[in-house]
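Subject: Model handover and notes

Hello,

Here is the structure I said I would pass on. My notes follow below it.

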Amino acid sequence: MAVTAIVGCQWGDEGKGKIVDLLSEPADFVGRYQGGPNAGHTVVHQGEETILHQIPSGILHPDVICLLGNGSVIDPRILFEEIDELERKGVKVAGRLFISHKAHLIMPYHRAIDEAAELAAGKGKIGTTGRGIGPAYTDKYQRCGVRIVDLLDRDHLEKKLRANLKDKNKLLRDYYHSTELDVKHILDEYLDFDKKADPYIKDVSVMLNDAIDLGKEVLLEGAQGTLLDVDHGTYPFVTSSNPTAGAAATGLGIGPRRINHVVGVMKAYTTRVGNGPFPTELAEPLQSDFRKWGGEYGATTGRARRCGWLDLVIGRYAARINGLDSWAITKLDVLSKLDEIKVCTSYRHKGKTIQHFPAEPWLLDEVEPVYETLPGWQEDITNIRRYRDLPNNCRSYLDFIQEQTNVPIGLISVGAEREAYVPLSVEALGLEKQ
Ligand code: GDP
Ligand code: IMO
Ligand code: MG
């Protein structure tokens, strides 16, 4: 029995949804520990695609209990749209989804400020998802955020909203020249949400600690990725939370020693949505080819993802920051068309070699990736399920990743479908041998 954290190790969209869904088969609980509806986690099962924004990716397994931890931020509108959509598909959510009473809510003024700030920033914008994430976490740390517990007392909520809106409307009106928002309207909407949400609200920390005491199998699902982490990512082009493994404990209210395994999800190449440095970004026309082969369009915003070669400076960095026990390497099938594959192993800057991922934004813009060129393979690997059946060059590519990062590969994913994977070492994933 184990508690396993599953974290993104690049700039998000590594295929965490696919891996969490796949590893949920023997799980009892899956908990999201940070982020909000900026996430888009895709699960494909029996040809049907489900994109989850807030609800954990274990929800398609009927016996799995899904938790939204105190570290996540929740947009009630998007949450209930998601619940309704799942229920329409025949997925029972009621009684299986529980939300921490300490989680912060994304308010209409957070969305308005996110959009207005991006518009005002012009070319210098971050390229956020526009879901109000930054402003919601800003209020959390400013200590004026609205938590789910605040909905319990109407007078308290109204007072809080009036105080917040005084500032937010001033900002929207005078600084961003945007539309002001009405207290009464928001109050009614969120009190209505409170009624609907009531059966879902729980002390998630108590629930999860009890489950771990009973030896239940638990997955902790990260959103975004290591390079979007507000501390360890390519600041300021990051999200406003900590997707890295350390936050999995804080974001769900469990002690760090309760986590037994950390699995890093890494695409066999690299992508990024939004602005910011990207050392191995490809030139055209190969960038567009990768986008086409990998279907690289955002699951939340539909934006085209920028594509590049695999960067193992980032791989080693993610292994260190997250304390990885193993890799889940995704989208290996996408590389099947190439004669040669490049992998970045270090950077060069003004004649110096850089081995460790730097923090200086100007350095990241200027570094030159140092590549090793490996032979590709042409065979379609989508239907391969055993390691020994993979083409030799494909296995060499995997060996190279393991050697360079000093982290074993637990599994590789060779297609979007749940079953499209090849196990390499179930022990490395923290799973018992089946
Ligand atoms: P997440 O945010 O990390 O969950 O990733 P996304 O769902 O945003 O993006 C991953 C995309 O790749 C989705 O469209 C998945 O269905 C798809 N995908 C996941 N694993 C694989 C894989 O191994 N091969 C292929 N071809 N597609 C995959
Ligand atoms: P999943 O969980 C990829 C990016 C945005 C932007 C930056 C800040 O699906 O991997 P935000 O709205 O969070 O303030 O945007 O972070 N971003 C993601 N990129 N996958 C995600 O989530 C992302 N969530 C945020 O594009 O660059
Ligand atoms: Mg995504």
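A term first: contact, or touching, means heavy atoms within 4.5 Å. This is a predicted model, in which local features need pLDDT of at least 70 and side-chain atom pairs count only at pLDDT 80 or more, while totals for chains, interfaces and linings use all residues. Residues are numbered from 1 along each chain as its sequence is written, chains are lettered from A and ligands numbered from 1 in the order in which they are written, and side-chain values use heavy atoms, with hydrogens and water left out.

Leu398 is part of helix α12 (residues 392–405); helices here are DSSP runs of H or I with at least four residues, strands are runs of E with at least two, and both are numbered from the N terminus. Leu398 has a relative accessible area of 0% and is buried (buried is under 20% relative accessible area, exposed over 50%, partly exposed in between, with a 1.4 Å probe and protein chains only). Leaving aside residues up to four places away in sequence, Leu398 touches Leu332, Tyr387, Leu390, Ile409 and Ile412. From Leu398 to Ile329 the separation is 69 residues in sequence and 8.7 Å in space, C-alpha to C-alpha.

Ile74 sits in strand β6 (residues 73–74) and is also buried, at a relative accessible area of 0%. With residues up to four places away in sequence not counted, Ile74 touches Gln54, Leu68, Leu79, Ile99, Ala103, His104, Leu105, Ile106 and Ile148. Ile74 and Leu181 are 107 residues apart in sequence, and their C-alpha atoms are 19 Å apart.

Magnesium site

Asp13 (OD) and Gly40 (O) coordinate the magnesium ion (ligand 3) at 2.1 to 2.2 Å. The pair ties together parts that are 27 residues apart in sequence, because Asp13 lies in the loop between β1 (3–8) and α1 (16–23) and Gly40 in the loop between β2 (29–32) and β3 (41–45). Donors are N, O and S atoms within 2.8 Å of the metal (3.2 Å for Na, K and Ca), and water is not among the atoms, so sites may look incomplete. Gly40 is buried, with a relative accessible area of 11%. Asp13 has a positive phi of about 60° although it is not a glycine.

Helix packing

For the angles below, axes are lines fitted to C-alpha atoms, for helices over the stretch in contact, and angles run from 0 to 180 degrees between N-to-C directions.

Helix α5 (residues 154–175) and helix α6 (residues 183–197) have axes that come within 10 Å and cross at roughly 140°. That makes α5 oblique to α6 (under 35 degrees counts as roughly parallel, over 145 as roughly antiparallel, 65 to 115 as roughly perpendicular, the rest as oblique). Their crossing is right-handed; a crossing is left-handed if the near helix is turned anticlockwise from the far one by less than a right angle, and right-handed if clockwise. Arg154, Leu157, Glu158, Leu161, Arg162 and Leu165 of α5 make the contact with Val183, Ile186, Leu187 and Leu191 of α6. The residues of this contact are seven nonpolar, no polar and three charged, where Ala, Val, Leu, Ile, Met, Phe, Trp, Tyr, Cys and Pro count as nonpolar, Asp, Glu, Lys and Arg as charged, and the others, Gly among them, as polar.

Helix α6 also packs with helix α2 (residues 76–88): the axes come within 11 Å and cross at roughly 40°. α2 and α6 are therefore oblique to each other, with a left-handed crossing. Pro76, Arg77, Leu79 and Phe80 of α2 meet Glu189, Tyr190, Phe193, Lys196 and Ala197 of α6. Six of the residues in the contact of α2 with α6 are nonpolar, none polar and three charged.

The axes of helix α3 (residues 108–121) and helix α4 (residues 133–142) are 7 Å apart, at an angle of about 120°. That makes α3 oblique to α4, and the crossing is right-handed. In α3, Tyr109, His110, Ile113 and Asp114 meet Ile133, Pro135, Ala136 and Asp139 in α4. That contact divides into five nonpolar, one polar and two charged residues.

Backbone points to check on screen

- The peptide bond from Tyr235 to Pro236 is cis, with omega near 5°; Pro236 is in the loop between β10 (218–221) and α8 (246–250).
- The peptide bond from Glu284 to Pro285 is cis, with omega near 5°; Pro285 is in the loop between β12 (270–272) and α9 (286–294).
- Lys331 has a positive phi of about 60° although it is not a glycine. Lys331 lies in the loop between β15 (326–330) and β16 (340–349) and is partly exposed, at 21% relative accessibility.

Regards
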